[in-house]
Amino acid sequence: MERRGKVWGLGLLVAFILGQMMLSVTADDSEYSEYSDYSYYSSTSVDINDRDRCSFRGAVLLHNQRVVIDPCTHCMCVDGTTTCNIESCPAKPGCRIDELVFYPDVCCPHCPHDSTSLELSDRNPCSFRGKFMLHHERTAIDQCTHCRCENSTTRCIIASCPSEVGCEAVLSPDECCPRCPHKLFVEKTILLHNNSFDFSEGDSRELYFSLDVVSDRNQSTRWIAGTNLWKLSAWISQHEDGSGVKYSLTDQVFIETDAAKEYWNFAEYEETRWSQLRYTASFVGGTCNHFKYFCVKFDRTDHPEPIYGLDLTLSAVNSEDSRLVDCMPLGDCKGPVELVYTRWGSGDCPSTADEVYDGFAVGSKYEAIGGTSSYFCLPQVPGYDQNVPSNHAQSTKVYNVEYDGYQTDSRASPNLNGYNVPCAVCEVRGRSTMLLYPGSVSCPGGWTREYSGYLMAGRSQDYRTEAVCVESNAEYIAGTAESSIGAKMTKIELSCASGEPCNTAYEYGRELPCAVCTK
């Protein structure tokens, strides 16, 4: 038994020394990789085209191919990186040397009563390279070699670098392998904005939105990190592609944390998303015709600071810079109120204008010598000054305006003769000129039609009044009836002097149409 113990002791010593020699020789190999289960690295920096093979000790390994150097050394190729796991045997096996049992293809001998059910506090330390390590303690031999104590057994990971990196790699003093400069190729920029709103010229609004950046994985680096990496500019544009003048331009929307967001090029990351972004839009320097789209452009900052001091380049796929830009339409814009007009014969404003108020038409009595020759729209609800006395004998009197001999264009409407005339006062934004265009229901080129109808004024036998354009499908105020003292409003017809032919384009005695136009 004593002789057997010496043989087993010698075998254990040889195995232990062999493990240490293998560890030392592999650690000095020139083909290291940064990949390590116990390191801070999450991926390799090899070019994407090198992922299918590894160059290791003069041999070429395929992706996921395993190699057994000896019972204590196992290596594997993963994404162009060869990773080796080297196991060392415990200095104190936990039993007498002559009781150790060796198994084929197993690195270390085992005690017959070896158990894995020991409490953590009972786990044994390791003796490694002349020093003791506690259970789960880690140590780094160099940038490529990381070891850990596991219940008296020291396990080491040695990483090898690929022989071909496909770029002008840069080696940092604190790293195992040289790294390629960071590259990001943008496939598409997607602006996500759900807050549709109306606004007016001169307004300032806060826009909250998100941004997705989809990259080309075959060309982009697998992982990019650092500070002051990304820039997002935002502006208001007249065009859906963001071209032309950039109104309310903000050169950098990202805050510090947004600019330092990490990029990951893995299958589970379809895009990189920024959420809760904020942009202040000021609708100044132009008109509503210019404020059509909200646009952003994703780019690299002028002075990025990636980790490891590497360069960072950002490009659009196929050099199509339009991929970096995305725009979304804004809501309705209202220009400043520049024009107010009265719509006669209707209590509502057309869709091209906003209603100021609605009311009813009033004017001087048709047979009065004095008073006003103009019609005006009286609001439905008065606002009196309580200190002003009323009912002066010599005051100018105005009365409800009545239709006289008026038949609407709609067969469903009754003859409006004697009914009072409704009206509405309307405001138009972004236009400054109004034209009452007689003789046509259409406006001249470059003008916007507000509404159309017929020219109307007081009767020929009465005192003169102004001419106004009354809605073709005129409405009336229910419950009113013809009065002998009211103001009158009747259609205007074209008549020719005796012996003079009318213009051949007009018909004698036909009621004249009209249109109210703005510009």
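Here's a quick rundown of model confidence and strand pairing in this protein.

This is a predicted model, where local features need pLDDT of at least 70, side-chain atom pairs count only at pLDDT 80 or more, and totals for chains, interfaces and linings use all residues. Residues are numbered from 1 along each chain as its sequence is written, and side-chain values use heavy atoms, with hydrogens and water left out.

**Confidence**

- Mean pLDDT (the predictor's confidence in each residue, from 0 to 100) is 79 for the protein, and 78% of the residues score at least 70.
- Residues 1-50 stay under 50, yet the model has 118 contacts (heavy atoms within 4.5 Å) for them beyond four places in sequence.
- Residues 115-121 are also below 50, with three contacts beyond near neighbours in sequence.
- Among the elements (DSSP runs numbered from the N terminus: helices are H or I, at least four residues, and strands E, at least two), helix α1 (residues 2-27) has the lowest mean pLDDT, 36, while strand β16 (residues 230-237) has the highest, 97.

**Around β11**

- Strands pair if DSSP finds at least two bridges between them; β11 (residues 182-192) runs parallel to β22 (residues 312-316) over five bridges.
- Leu184 sits opposite Leu314 in β22.
- β11 also joins β13 (residues 204-215), antiparallel, through six bridges, and Val186 has Ser215 in β13 as its bridge partner.

**The four-stranded sheet**

- An open, antiparallel sheet has the order β17-β16-β20-β23.
- Its edge strands, β17 (247-250) and β23 (325-329), each pair on one side only.
- β20 (residues 293-300) and β23 share five antiparallel bridges, with Cys295 opposite Cys327 in β23.
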